[in-house]
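Please keep the sequence beside you as you go through these notes. Find each residue in the model before you move to the next point.

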Amino acid sequence: MLHLPLTLPTNHTKAMSIADVPDATPRLSIHRCTVEDAPFFLELLNSPLWLQNIGDRGVYNLSDARRYIRTKILPAYKHPGLGNWLVRLKDGTPIGCVGVYDRPGLDLPDFGFAFLEAYHGRGYALEAARTGIAHAIRSGFTELLAITLPSNEPSIRLLKKLGFAEEEIIHIPKDPAPLLKLRWIISEDKTSG
């Protein structure tokens with residue numbers, strides 16, 4: 001369920017369509033998620049790093065994965081600039097996701113990403129995250145937050161490469177763990193490169 005209103009872009013002038021997703025990159029294609037992606041989400045949401053860094057989402061079989069997609073992912077597409085986008089290799093293999101999310105307890109959209117461990121260390125997350133940020137800018141966002149466990153050093157390093165700066169440790173509703181909040185603000189140097 002979305003927790004709008006959060007600070008959505010006020011300078012958004014075009015109607016978003018189903019085709020509004022981040023741009024493809026030379027190695028990756030980006031897509032809206034569908035219930036047909038349930039096998040991938042079952043694998044991702046039960047991967048050791050997801051469970052360690054994000055947490056158990058109660059997805060234990062394909063039926064749970066379909067429900068998760070229908071109730072947690074698809075509703076966000078109704079709001080310009082928000083969404084969880086599936087990242088695939090050019091051969092069609094799903095490897096992760098990147099997106100802009102409405103999170104309870106945050107007053108700005110949350111930028112996030114998750115990839116299967118087999119695809120870590122190859123630059124895919126950075127590549128997908130950069131196109132995700134570019135999509136957020138085109139959608140009118142000038143500021144984003146990111147939250148992660150303070151111990152999740154790989155995610156923190158990636159967020160800093162994207163221009164996010166550490167702010168503070170916070171607690172958000174229904175999450176017992178303290179989280180590091182980072183902030184990204186649009187600037188000329190971030191949009192020109």
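Predicted model: local features only at pLDDT ≥ 70, side-chain atom pairs only at ≥ 80, totals over all residues.

1. Asp64 has a relative accessible area of 16%. The cut-off for buried is under 20%, so Asp64 counts as buried. Its salt-bridge partner is Arg67, and the closest N and O atoms are 3.8 Å apart. Arg67 is partly exposed, at 32% relative accessible area. Both residues sit in helix H3, which covers residues 62–73. They are 3 residues apart there, so about one helical turn separates them.

2. **The overall layout.** Now step back to the whole chain. It contains 6 helices and 7 strands. In sequence order, the pattern reads β-α-α-α-β-β-β-α-β-α-β-β-α. The chain has 193 residues, and 47% of them are buried.

3. **Contacts and surface.** Take the contacts between residues at least 6 apart in sequence. Of these, 60% join residues at least 24 apart.

4. **One side of helix H1.** Helix H1 spans residues 38–45. Which residues of H1 are buried? They are Ala38, Phe40, Phe41, Leu44 and Leu45. Why do they lie on the same side of H1? They cover an arc of only 155 degrees around the axis, and this puts them on the same side.

5. **What covers that side.** Several elements cover the buried residues of H1. Among them are two helices, H2 (48–53) and H3. Strands E2 (83–89), E3 (94–101) and E4 (110–115) are also included. Display these elements together with H1 to see the cover.

6. **Aromatic pairs.** The structure has 4 aromatic pairs. Take Phe40 and Phe41: their ring centres are 5.3 Å apart. Their planes meet at 80 degrees, so this pair is edge-to-face. The cut-off for that label is over 60 degrees. Both Phe40 and Phe41 are buried. Elsewhere, Phe111, Phe113 and Phe164 form one aromatic cluster.

7. **A bridge across the sequence.** There are 10 salt bridges in the structure. One of them joins Arg27 to Glu127, with the closest N and O atoms 2.7 Å apart. Arg27 lies in the segment before strand E1 (28–32), while Glu127 lies in helix H4 (residues 124–138). The bridge therefore ties together parts that are 100 residues apart in sequence. Are the two partners buried or partly exposed? Arg27 is partly exposed, with a relative accessible area of 34%. Glu127 is buried, with a relative accessible area of 18%.

8. **A bridge between strands.** Lys181 and Glu167 also meet in a salt bridge, at 3.4 Å from N to O. Lys181 belongs to strand E7 (residues 179–185), and Glu167 belongs to strand E6 (residues 165–170). The two residues are 14 apart, and the pair links distant parts of the chain. Lys181 counts as buried, at 10% relative accessibility. Glu167 counts as partly exposed, at 39%.

9. Which residues do salt bridges with shared partners join into one network? The members are Glu143, Glu167, Glu168, Lys181 and Arg183.

10. Asn152 sits in the loop between strand E5 (143–148) and helix H5 (153–161). Is Asn152 buried or exposed? At 9% relative accessibility, it counts as buried. What does its side chain contact? The side chain of Asn152 makes a polar contact with the side chain of Thr148, at 3.3 Å.

11. **A glycine in the next loop to check.** Gly163 is in the loop between H5 and E6. Its relative accessible area is 25%, so it is partly exposed. Compare it with Trp184, which is 21 residues away in sequence. In space, the C-alpha atoms of Gly163 and Trp184 are 6.1 Å apart.

Definitions and conventions
Residues numbered from 1 in each chain as written. Heavy atoms only, no water. Phe/Tyr/Trp six-rings, centres within 6.5 Å; stacked < 30°, edge-to-face > 60°. Buried < 20%, exposed > 50% of the residue type's maximum accessible area, 1.4 Å probe, protein only. Helix = DSSP H or I, 4+ residues; strand = E, 2+ residues; numbered from the N terminus. Polar contact = N/O pair within 3.5 Å; in protein donor to acceptor, adjacent residues only side chain to side chain. Salt bridge = Lys/Arg side-chain N within 4 Å of Asp/Glu carboxyl O. Contact = heavy atoms within 4.5 Å. Arc of directions from axis to C-beta.
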